[in-house]
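Trainee: I am new to this structure and would like to go through it one chain at a time. Could you show it to me first?

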Amino acid sequence: MKNSLILSILLFWVPASMCLATEGILNQDAANEEKAKKLIQQVDDMYRSAASRATMTMRVQTPNYQRSMTMESYTIGEEKMLIRILAPKKERGISTLKLDKEMWNFFPKINKTIKVPPSMMMGSWMGSDFTNDDLVKETSLTDDYALSLDESSEIYTITLTPRYQTVTVWDKIIIKIDKEKHTPIEQAFYDEKNRKVRVMSYREPKQFGSVILPSVLEMVPLNKEGHKTLVTYDKLELNAEGVEEDFFTLRSLKRRLR
Amino acid sequence: MLLAKLAFRNIFRQRRRSLLTGLSMGGGYILLALTLSLVEGSYNNIINIVTNDHTGHVQIHKEDYLDRAGIFKTLSRDSSVETILNSEPSIRSWAPRIYGAGLGYGGEKSAPLSIVGIDPLMERSTTKIFEKVREGRYFRNRIDADGYYPAMIGYGVADMLKLSIDDEIVLISSGADGSIANDIYIVEALIGSRDSYDKMTVYLPIDAAQDFFSMMGKVHEYAVMTGHPGKAQELTRLLSAAISDPLVTVSPWQVVEETFYKSMEADKQGNKVTMGIVVFLICIGVLNTVLMSVLERTKEFGVMLAVGTNRLLVMAMIVLEITTLGLLSCAVGFVLSLPLVYWFTHVGITMPQPIDMGGVIYDTMVGEMGIGIFTIPVVIIVGSAAAVSLIPAIRAAHITPLDAMSDR
């Protein structure tokens with residue numbers, strides 16, 4: 001009898017309590033992940049809202065050349081985006097349309113629309129240090145990565161590791177978010193050898209309408225010495241009126257700038 | 001003196017025998033001179049094809065552009081390089097160039113291709129590009145009424161993109177400033193042939209190429225022509241000394257076309273064996289006739305020795321006789337071969353099947369005229385005749401007069 005009691009404790013209670021314990025950790029993890037997910041979504045939506053219109057200046061610095069371009073961009077949600085280059089004159093009118101996970105470039109001088117093939121997704125966008133994939137976001141940070149959240153007194157540090165089936169070149173992405181302002185500070189990208197390959201930092205917060213957002217995005221590839229791309233938001237209109245769905249079609253992509 | 005007189009008289013005493021020996025030596029001379037002329041001519045012809053087609057005699061680049069080409073390794077057009085090129089008297093002409101690669105579109109077709117920017121006038125006076133225009137007309141460095149620059153394309157490009165004269169070709173690439181280079185050009189000429197090395201090349205006027213690649217006032221290469229390919233190394237030294245910028249590299253065609261040059265040198269080595277065989281055959285002929293003429297006169301030498309002539313003198317007389325005969329035959333051979341070599345050099349043999357070298361047609365096999373062509377055979381013929389005459393001369397000098405005269 002005594003024996004059977006011990007046996008039943010061993011057989012039943014121990015695994016049960018172990019189960020409960022793991023479940024507790026799991027619950028905590030899930031809550032953590034949920035929180036991280038929310039934070040990332042917040043950051044993602046920050047510059048977009050339901051519909052946005054922005055004017056930006058992009059400065060590309062390399063050891064061989066420096067270049068500056070101004071452009072306007074329109075977005076609806078996360079899926080639709082249209083960017084048109086306004087200056088310099090040589091590139092005026094070159095446009096990029098993103099629909100869901102596809103992307104096209106339009107070149108007015110030669111009147112050609114060229115789809116960006118999947119193989120070119122990691123290629124440079126308009127000669128900058130941003131890749132086409134940075135614009136398309138083929139991989140969703142919240143769905144395709146496992147998230148873990150660390151908190152310090154001022155900063156949330158979210159570590160993203162790709163899920164088993166996710167196709168990506170990054171082995172790890174670390175996002176730092178300001179706890180108080182809920183604005184991003186830095187995103188660091190690591191390659192498969194756990195080397196920090198590039199860092200995007202968010203700087204110079206500025207009032208855009210009712211919100212304060214970092215107005216400068218700086219992308220520094222660490223494996224290319226002397227390279228740097230700065231994107232400055234000159235104007236940003238969130239929940240902009242007049243940005244319609246039919247703006248984001250291949251036909252409107254071909255609309256020429258006057 | 002007496003010796004020379006004797007030797008000379010001996011030659012004319014037996015006219016038929018001397019004629020026969022002389023004929024073999026003179027014939028050998030003509031054969032050697034012609035072979036040398038054609039061999040040298042062929043090599044020079046090939047070198048000219050290579051240097052005239054594209055390479056030039058000397059090229060100037062930034063740093064190691066030749067080994068590791070890069071869009072940023074450029075030379076500035078307003079640097080001292082062009083001033084030096086203009087002021088150096090041994091330079092016949094020079095041409096600036098820009099190289100790049102891109103994607104070409106013709107209608108819906110696309111193909112990767114190489115893009116070369118050239119100065120239409122300077123390139124024309126430097127290389128044979130003008131002669132390579134097969135269809136259409138050689139382009140000019142200017143925009144047409146609709147604002148388009150002209151382009152000349154290789155046949156590979158024309159075939160792949162289904163383009164012909166006056167069609168539009170769209171080029172996309174990336175500029176030196178990271179911008180996306182994209183523009184439309186009008187096809188004005190088809191260049192070369194379907195086998196040309198530049199069949200997948202689009203030629204643009206240099207201004208158009210500079211604009212396309214966003215590299216105003218810059219070039220990747222200068223091709224320089226001097227009077228003769230042989231002067232390339234001398235000019236290279238001269239230019240290297242004149243250009244003070246240590247980042248500028250001057251290379252002769254031997255370096256630019258290193259593979260070609262090395263295989264040509266190897267081929268030349270192989271050719272020396274062939275030449276050796278020709279010389280050997282001629283030597284055998286000379287030996288044969290010389291030996292015959294000396295053996296025929298065994299009795300005569302016997303008499304000479306019997307009356308007390310020094311053995312060494314007999315030997316010297318025979319060698320002198322043959323050498324004189326050799327020189328005389330060479331003189332006759334020279335007179336006969338001169339018009340022949342001249343004809344080969346200036347007219348040449350028309351080949352039944354013309355050779356197309358990158359669109360430049362070479363249909364005649366030409367020779368080369370030079371001091372070496374005529375003097376080298378003299379040395380070979382007279383030298384070998386003197387050498388082979390030593391054998392019968394020694395034999396004649398050691399003969400016993402009694403044996404010689406009794407004809408045993």
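Trainee: How many helices and strands are there in chain A?
Mentor: Bear in mind throughout that this is a predicted model. Of the 258 residues of chain A, 24% count as buried, and among its contacts between residues at least 6 apart in sequence, 42% join residues at least 24 apart. As for its secondary structure, chain A has three helices and 13 strands.

Trainee: Are H2(B) and H9(B) roughly parallel or antiparallel to each other?
Mentor: Helix H2 (residues 15–55) of chain B packs with helix H9 (residues 258–296) of chain B, their axes being 9 Å apart and the angle about 175°. Angles over 145 degrees count as roughly antiparallel, and therefore H2(B) and H9(B) are roughly antiparallel. By class, their contact has eight polar and three charged residues, together with nonpolar residues that number 15.

Trainee: Which element supplies the largest share of the side of chain B that touches chain A?
Mentor: Twelve residues of chain B are in contact with 14 residues of chain A. On the side belonging to chain B, strand E7 (168–174) and strand E8 (180–191) each supply at least two residues, and by class that side has six nonpolar, four polar and two charged residues. The largest share, four residues, comes from E8(B).

Trainee: Why do the buried residues of H10(B) line one face of the helix?
Mentor: In helix H10 (residues 298–306) of chain B, the residues Phe301(B), Gly302(B), Met304(B) and Leu305(B) are buried. Seen down the axis of H10(B), these buried residues line one face of the helix because they fall within an arc of 165°.

Trainee: Against which helices of chain B do the buried residues of H10(B) pack?
Mentor: H10(B) is followed by Gly308(B), which has a positive phi, near 95°. The buried residues of H10(B), Leu305(B) being one of them, pack against helix H11 (311–346), helix H12 (371–397) and helix H13 (401–405) of chain B.

Note on methods. Residues numbered from 1 in each chain as written. Chains lettered and ligands numbered in written order. Predicted model: local features only at pLDDT ≥ 70, side-chain atom pairs only at ≥ 80, totals over all residues. Axes fitted to C-alpha atoms, helices over the stretch in contact; angles between N-to-C directions. Parallel < 35°, antiparallel > 145°, perpendicular 65-115°, else oblique. Nonpolar A, V, L, I, M, F, W, Y, C, P; charged D, E, K, R; others polar. Contact = placed C-beta atoms within 7 Å. Buried ≥ 20, exposed ≤ 12 C-beta atoms within 10 Å, placed from the backbone. Arc of directions from axis to C-beta.
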